[in-house]
Amino acid sequence: IKLNGQSVTATNVGCHFDQYGDACLDLSFPCGSYTNLVIRSMWLALMPPGHRQFLSLQNAKGEVLTERILNANADTITVELDETEAGPRAHVRPTSFSDFFLMGVEHIWTGYDHLLFLFGLLIVTPNFGASVKIITCFTIAHSITLAIATLSLVQISSRLVEPLIAASIVYVGIENLVRGDDPKGRWLLTFAFGLIHGFGFASVLKELGVGANGSGIAVPLISFNLGVEVGQIVIAALVLPVIWKLRARPVFVARWVPACSVLVALLGAYWFVERVWFSRS
């Protein structure tokens with residue numbers, strides 16, 4: 001912490017565990033009048049590559065002055081303030097929208113379990129209308145649970161959610177084999193499993209500390225979810241035309257769709273075993 005360019009040292013240091021079992025550090029810094037505040041999270045350099053920290057800066061009234069996602073290459077935030085009788089008031093606006101939006105896109109593009117689940121569903125959909133119905137149900141479902149989990153209305157441990165996500169992949173692969181091409185009522189299955197996947201998306205925001213200690217929730221939640229949806233649409237726009245073109249060949253539907261479904265089920269089973277018996281979370 002630097003105030004007007006001068007480093008300040010914490011006078012009181014404490015630690016407690018919140019209702020979710022997360023460790024919280026309480027630090028107090030002496031401060032008088034100042035117009036320039038610099039916060040640097042130096043421990044990020046010691047964390048694994050790609051680790052991020054969500055920083056929400058608020059004034060004494062609980063108003064958000066600025067929000068930012070920090071990483072090892074961008075570990076500092078600088079805020080210019082006005083001195084008033086009521087306390088410092090920032091000129092800056094929260095800038096985390098684009099950060100969380102990009103994080104949502106990145107999460108779905110690197111979320112191979114979520115993508116494999118969608119692939120298992122879409123490979124047996126015969127046309128545009130059926131595909132839109134599947135994607136819409138998945139989107140609505142995971143948006144619901146992403147919101148309620150981030151708002152702490154419902155809490156489910158990742159030790160349960162992650163194996164369930166893997167199990168949903170296994171189920172889809174097996175159902176493709178048992179029920180054949182274009183199974184009826186797939187939208188209901190997609191919605192049910194989409195609720196589970198939403199809890200997996202929410203874990204990203206909860207691990208960053210979004211919503212903890214009264215930090216802002218609306219911007220991270222909305223922007224992250226939009227990022228997930230945009231990333232999902234881009235993937236679907238690239239993959240679906242290829243699937244539809246291949247499905248025009250009878251040999252693909254008769255042989256390759258079942259083969260792909262077996263692969264989906266096997267990968268899901270691998271993740272399930274890994275997450276149940278070898279997870280360190």
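Asp113 is buried, and Arg275 is buried too. Keep in mind that this is a predicted model. The two residues pair up in a salt bridge, with their closest N and O atoms 2.9 Å apart. Asp113 sits in helix H2 (residues 112-122) and Arg275 in helix H7 (residues 250-277), so this pair ties together parts that are 162 residues apart in sequence.

Arg275 also forms a salt bridge with Glu162. Put together, Asp113, Glu162 and Arg275 are linked in a network of salt bridges. Arg275 counts as buried because its relative accessibility is 16%, under the 20% cut-off. Glu162, with a relative accessible area of 22%, is partly exposed.

Another salt bridge joins Glu175 and Arg186. Here Glu175 belongs to helix H4 and Arg186 to helix H5 (residues 186-208), and the partners are 11 residues apart. Glu175 is buried at 8% relative accessibility, and Arg186 is buried at 6%.

The count for the model comes to six salt bridges, including these:

| Salt bridge | Closest N and O atoms |
|---|---|
| Asp113 and Arg275 | 2.9 Å apart |
| Arg275 and Glu162 | 3.4 Å apart |
| Glu175 and Arg186 | 2.6 Å apart |

Now for the nonpolar side of things. Leu151, Leu153, Val154, Ile156, Leu160 and Leu164 make a nonpolar surface patch of about 500 Å². One of them, Ile156, is found in the loop between helix H3 (128-150) and helix H4 (158-179). With 35% relative accessibility, Ile156 counts as partly exposed.

Conventions: Residues numbered from 1 in each chain as written. Predicted model: local features only at pLDDT ≥ 70, side-chain atom pairs only at ≥ 80, totals over all residues. Heavy atoms only, no water. Patch = residues over 30% accessible without salt bridge, like charges linked within 9 Å, V, L, I, M, F, W, Y side chains within 5 Å. Areas by Shrake-Rupley, 256 points an atom, 1.4 Å probe, with all protein chains shown as cover. Salt bridge = Lys/Arg side-chain N within 4 Å of Asp/Glu carboxyl O. Helix = DSSP H or I, 4+ residues; strand = E, 2+ residues; numbered from the N terminus. Buried < 20%, exposed > 50% of the residue type's maximum accessible area, 1.4 Å probe, protein only.
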